[in-house]
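Please read them with the structure open.

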Amino acid sequence: MTTDWEPVIGLEVHVQLRTPQKLFCSDSTEFGAEPNTHVCPVCLGLPGALPVVNPDAVHLALRAALALGCRIHRTSIFARKNYFYPDLPKGYQISQYDRPLATGGRFELQGSGGPLRVRVSRIHIEEDAGKSLHDRFDGCTAVDLNRAGVPLVEIVFEPDLGHPREARECLGGVKRLLEYLEVSDCNMEEGSLRVDANVSLRSCGGALPGCKTELKNLNSFSALERALHLEIKRQRELLARGAAIVSQTLTWDAARAEVRPIRTKEESQDYRYFPEPDLPPLELAPEAISAARRALPELPAEREARFGQEYGLPHHDAGVLTASRALADYYESVVLHAPDPKTAANWVMETVLQAMNERLLDPASFPIAPDALGELLQLVVEGRISRVMGKEVFWKMLDAGGRPGDIVHAQGLEQIRDQGRLHEWIAAVLDEHPDEVGRYRRGEVRLLGHFVGEVMRRSAGRADPRAVSDLLRARLES
Amino acid sequence: MSVSREDVLRVAALARLRLTDREAVELRDELAAILEHVERLEQADLADDSGSSRVIEWTVAWAPRPEPDILRVPLSEVAPGWRDGLFVVPRLPALGDPDDGRGL
Amino acid sequence: MTWRPRLPGIAEMSQEVRDGAVSPSLFARRSVEAIRQDDRGELSLHAFLSVLDDRELDALGDGPRVGRLAGVPIAIKDNLATLGLPTTCGSRILEGYRSGYEATVVRRLREAGAIIIGKTNMDEFGMGSSTEHSAFGPTRNPRDLNRVPGGSSGGSAAAVAAGLVPAALGSDTGGSVRQPASLCGVVGIKPTYGRVSRYGLVAFASSLDQVGTLARTVEDAAVLLEVISGWDPRDSTTAEHGAMDAVTAGDVRGASGLVVGVPSEHFRDTLDASIRDLCVRALGRLEGLGAEVRPVSLPHAEYAIPAYYIIAPAEASSNLARYDGVRYGLRVVDEPSVRALHETTRSEGLGAEVKRRILLGTYVLSAGYHEAYYGRAQRVRGLIRRDFDTVFGTGVDLIFTPTSPTTAFRLGERLRDPVKMYLSDVFTVSANLAGIPALSLPIGEVGGLPVGGQLLGPRWSEPKLIRAAMALESSLGSGGAR
């Protein structure tokens, strides 16, 4: 049998909404507090307590749904998903079931064979459970309910992905989108972005995929990609042997770098959903929906395309500069003051990002104001200071602040083009290196760089290298 | 619809109730009697049902939310198992262990 | 034996306190003393599960002398979260449980000056019609100690009927305020769904539950309702316009000009003849007061009990999942696994009737049965609501029915037959399914046992219901005896 199988991959993404308060009560959603301190009768599930919906959470979920091109339902209904677990305080999770907030969206990304459109099946709002700590005490599990009731959206994608790399791209794109929208922090370490994947194989061109398996506990981008690779390989081998794929849930074990099945009990599948009687249907006025649509910022994919068209940036540059909304905002502010967009792009991608990485700074609070950086780039492009000197000024500005013009002036860093001074330095250098002068004249023209460097050194970097080079060449070849 | 002992045990497991054999048999009979009574709903003519099962109207959708209600009785006093600020229960397998029973 | 000491009403009591004629804690002390005296009797009522102790009474001291309920002792059903007293819901699983917060209705009573003197007995989590399903023993009917007071708010009804308190709060999911009011010979009001906050009411069936009031007179029941009603930001199912104006300020229109509908479905041949006679007499009085009595039809009435016994257990099975032994409640030790902890806690902590309803509710929601039972019941519920809309849409102001098909039955009589027990609610569940207000008041006695008549109205029509009931009450005399 040489049937060729192609993978069919779908993602389910859980995203924590960036609200200061929980979904159904006003407790804080802050991460990392002392256990069981951000709790109240509602999120503890005390007898008699009732949920009240947080409008901020609904608004953020609406933004996400609009940005993913979904159809927003004017009426959606909260439903109870019933199951027992010690960190699920009420014995049910308030979620949405047959009447979700939104359905039928799409998300576009660069797939292996060109642009790929991934359909969004649905987006719904739900509350998070608490946290079970299995290693805290010997012989028992500890439960912290600070996280119980934190607002989430679940985004369910149709199985339109054909490769683990595309799954990773898709998740990355969604993360960038939701960060742009300020819907979520999308921090995988803190659990504000979680992903499950389902995968099946179908014969190439075949319409019907086989049984699918679900992958859980994919706690990083690389876990997603690696687990999918392993699972596809496992399914391929089974099919090659003529064995059947069994529908099951598997977990990614990062320590052992393997996927393995989780035993599921049949009954645990029966969630007995029914409409949450403690909450009215969620009604969204058409005006509220259109206002939210108007308030959407330019989405990252649109912005990336615009950076290409408007600034003439290569695809790579546009991608790097739109990785986050704050970085793209910073870049566009620099462009307003810079001599040209490409110079601005090069400096932001190299120098600014390097500084951010080294100093753990983020674009929103980067100490060098965009107009100051723009001014610095003007000085460099106009040749008033050298590129090297420009970098030096950049770090001075980062450390001590100040305007580039002032720094250059005060510290005498301006480039020197005065022919008299340049000739003095050149004469001194040629006098010191008679051998090299001879070799140059015998045809070793690459030694020109060496002479330029020496002159620059003598001038403490202030000589205009282009002028130096021109003068040197004229002098040596005369 | 007849109810079997297995039905009763399946539902009891879902509801986390442990039944003795005798209770299971008694409850099967009682459930059967109640279900027989409620099955007269099948005679209701739903042909002109407007489709709405919601009988409640709400008028307040987006009111400001109240502050969290302060707990006047500490959790440590009401929790059956409590240690260092945490609720404690018998050891659960971690996610992914073969016995993890979380709704999957 | 009859427990009917002449007690002052809410208005008189609070006036005396406000005037400074008596100590603000006087009536509370008298109530507590009467409850203790009853407890010492050979056959005690056992209306209360907890009562303020001497220290707590002393702490009341010379409390405030202001408020509409200044110094009025009020009893609270034990499924309302209360600070300072346990909140057990009549269940072993919450034995000794102290709520860390207070129900909105209890807070509102306190703000009006009321003194919460104790928590009343009830069928476990509100599931029952006799108060025999309390884990802490049954309550007896003050009118005949060998009979049940009805339920599930049997403790509140008995406490009011025995004159231990002038008024009490109950909760009504399918008749749990009105049926015990009827069986004990007092007044009970189940308000429009959304008029009174459920925050702090321990949920039985959330879409049906509503806090109600019980008192010896319509006026007192109405005053209490006025105090507790109104929108609550902690309960999304309360209505903005839920607050009730003072309807008790002497509306002279009475029942005059009201059209009272009598549904043929509730007056079939199977109805007890002496109860029918009392209803006919009451309807005659209403006519005498200037009302027009008109036959009406509620064609889906017969489906109310079946729909109720699907929807209520379904919601209950979910509402009671939180009693899992993790955060509060009964403590079981040394269980080998979480599953065992859950199962042991629930199996030991919950009573037979509660388990029965949890199983029933889980069954009707489970895969394969969901649509046939729960889905169908919800649609039938819509039809039942529409029946009322239709009747009220054709000029009918109120509907009159008996409250209960029987008078108080003997202790133990119906314990072995759940279906028969469920049929106690035949006249009352429709109001909960439709979310409309209903009121039960005494309309006479059969064999020395009280009989209640029920008035139902459209949503938010409590003022009209109360007006008609006050007129009928004064025509029939206290207890409906005249």
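1. How many residues does the contact take from chain B and from chain C? In this predicted model, chain B contributes 43 residues and chain C contributes 61 residues.

2. On the side of chain B that touches chain C, three elements each supply at least two residues: helix H1 (5-14), helix H2 (21-38) and strand E2 (86-90). H2(B) gives the most, with seven residues. By residue class, the side of chain B that touches chain C divides into 30 nonpolar, five polar and eight charged residues.

3. Overall scores for the model are ipTM 0.96 and pTM 0.90. For chain C the average pLDDT is 94, and 97% of its residues score at least 70.

4. One stretch of chain C needs a caution. Over residues 1-5 of chain C, pLDDT stays under 50, and the model has eight contacts beyond four places in sequence for this stretch. Where pLDDT is low, the predicted coordinates should not be read in detail.

5. Chain C is built with 15 helices and 11 strands. Its C-alpha atoms fill a box of roughly 70 × 65 × 45 Å along the principal axes. Does the radius of gyration of chain C agree or disagree with that of a compact globule? It agrees, because a compact globule of 482 residues would have a radius of gyration near 23 Å and chain C has 21 Å.

6. Two further values describe the inside of chain C. Of its 482 residues, 66% count as buried. Among the contacts in chain C with a separation of 6 or more, 76% are between residues 24 or more positions apart.

7. Which residues have the most contacts inside the largest nonpolar core? They are A:Ala61, A:Ala64, A:Ala65, A:Ile123, C:Ile74, C:Leu214 and C:Ala307, in a core of 264 residues. Helix H9 (residues 304-319) of chain C provides the largest share of this core, 10 residues.

How values were computed: Residues numbered from 1 in each chain as written. Chains lettered and ligands numbered in written order. Predicted model: local features only at pLDDT ≥ 70, side-chain atom pairs only at ≥ 80, totals over all residues. Contact = placed C-beta atoms within 7 Å. Helix = DSSP H or I, 4+ residues; strand = E, 2+ residues; numbered from the N terminus. Nonpolar A, V, L, I, M, F, W, Y, C, P; charged D, E, K, R; others polar. Rg over C-alpha atoms; globule rule 2.2 N^0.38 Å. Buried ≥ 20, exposed ≤ 12 C-beta atoms within 10 Å, placed from the backbone. pLDDT = per-residue confidence, 0-100. Core = buried A, V, L, I, M, F, W, Y, C linked by C-beta atoms within 7 Å.
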